[in-house]
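User: I am new to this structure and would like a guided tour. Could you take me through it step by step?

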2 protein chains.
Amino acid sequence: MNKISNNQLERYPLYLKYFKELESEGITLISASVIGNKLGYSQEQVRKDLQAISSIEGKPKKGREIKQLIDDLETFLGYKKIRTAVVMGVGRLGGALMHYPYFEEYGLQIVAGFDKEASKLGLTDEGKTVYSCDDFSSIMKEIKADIAIISVPASQAQRVVNLAIDNGVKGIWNFAPTHIVVPEGIALENVNLSSSLAILTHKLK
Amino acid sequence: MNKISNNQLERYPLYLKYFKELESEGITLISASVIGNKLGYSQEQVRKDLQAISSIEGKPKKGREIKQLIDDLETFLGYKKIRTAVVMGVGRLGGALMHYPYFEEYGLQIVAGFDKEASKLGLTDEGKTVYSCDDFSSIMKEIKADIAIISVPASQAQRVVNLAIDNGVKGIWNFAPTHIVVPEGIALENVNLSSSLAILTHKLK
């Protein structure tokens, strides 16, 4: 398999969403040109993207089987394998992430939250538990989460990331607006709202 | 000025954050190599990035003036010009965005929220107002927001985007996990959590 770029990876969930919509409408076949028109990519891009993750070829004048594409995408994206995550910092953003309704669909299960403020501890309205940061190590021994979602203030982010990694987390999904460092072998992905906003305002000019 | 890529744009807020930290520590000069080491970019990348937005050159063996770099970055990123935004869909995620503590620092002022659920309307704990979607057009005549932040469910996103654009919004910041379309001349930036998660889980393999 060729190396998959981040730009490609970003597109796959959008393909999947679109194919599921089509499937729910009873459509069974789709061509690269129709996909491209709908999502705003070139035909060549669509072909290249789908070839990288699927063994099936489009049939001339017929197209590709949507059911198979969905299956290939879900396998590739790892949505069939459940991964567990903890949310570190249950403020407004952390609370939103802890209860984000789409994550289960993406194979991500949020198993617990952690915060240092006593007022935030306990069961949330939706029935998930927020534990004290002081109990992080002992709780993690039981729940063994794969991913830590970081939504603490920027000034605390690196310390919390280190704590998560020390307790066995293999992936860091960082929402704190700061640069953090992880050791070799740990996966890191940043969602930086200031960067996204910079792109938007640049386009606005 | 050369064309600035999205990858470059994503880095600028991280430079700015780092330079402000240095400034608060009383440091006045910095070299491209130190910046690169700290943020994980190559020296050449740092030079290229900073040259694109700043007229000052680094002095051999001294480095660049941090105060000037901060000024250039804030000007370039538009943080000195206040832009106004409305949040459309004040669920957990929309509520978090409406009260996100860093936006004012980035020149973004959230002036109102809109939701269709009666229980969400009125003043929030932090003193911002959530209006009914039914009143969107009349409220927008008064507040004339530049940007609409879209945090409604995926199925409603395109309809809400169209409504925002019909009422004078020039930029769409889309957090709904779906593909949306905007006419020529309207800026669109997507924050797609499923795409970001796909990148993280791919790195985890």
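Analyst: A term first: a salt bridge is a side-chain nitrogen of Lys or Arg within 4 Å of a carboxyl oxygen of Asp or Glu. A:Asp71 and A:Lys80 form such a salt bridge, with their closest N and O atoms 2.6 Å apart. This is a predicted model, in which local features need pLDDT of at least 70, side-chain atom pairs count only at pLDDT 80 or more, and totals for chains, interfaces and linings use all residues. Residues are numbered from 1 along each chain as its sequence is written, chains are lettered from A and ligands numbered from 1 in the order in which they are written, and side-chain values use heavy atoms, with hydrogens and water left out.

User: Is A:Asp71 buried or exposed, or something in between?

Analyst: A:Asp71 counts as partly exposed, at 35% relative accessibility. Buried means under 20% relative accessible area and exposed over 50%, with partly exposed in between (1.4 Å probe, protein chains only). A:Lys80 is also partly exposed, at 48%.

User: Changing topic: how many salt bridges lie across the interface of chain B and chain A?

Analyst: The rule finds four there. In one of them, the side chains of B:Arg92 and A:Glu126 meet at 2.8 Å, N to O. This pair runs from helix 5 of chain B to the loop between strand 5 (122-123) and strand 6 (129-132) of chain A. B:Arg92 is partly exposed at 38% relative accessibility, and A:Glu126 is partly exposed at 44%. Another salt bridge joins B:Glu126 and A:Arg92, whose closest N and O atoms are 2.8 Å apart.

User: How are the two chains related, then?

Analyst: Chain B is superposed on chain A by a rotation of 180 degrees with 0.0 Å of shift along its axis (RMSD 0.0 Å). That is the relation of a two-fold axis. The same surface serves both copies, as 100% of the contact residues of chain B recur in chain A. The superposition is by least squares on the C-alpha atoms of residues with pLDDT of at least 70 in both copies.

User: How many residues are in contact, and what area is buried?

Analyst: With contact meaning heavy atoms within 4.5 Å, 56 residues of chain B are in contact with 56 residues of chain A. The area buried between the chains is about 5300 Å², and carbon and sulfur atoms give 67% of it. Buried area is the accessible area (1.4 Å probe) that two parts lose on being put together, summed over both.

User: What does A:Ser194 touch?

Analyst: Not counting residues up to four places away in sequence, A:Ser194 touches B:Pro13, B:Tyr79 and B:Tyr106. A:Ser194 is found in helix 8 (residues 193-204) of chain A, and is buried, with a relative accessible area of 5%.

Notes:
Helices (H or I, at least four residues) and strands (E, at least two) are DSSP runs, numbered from the N terminus.
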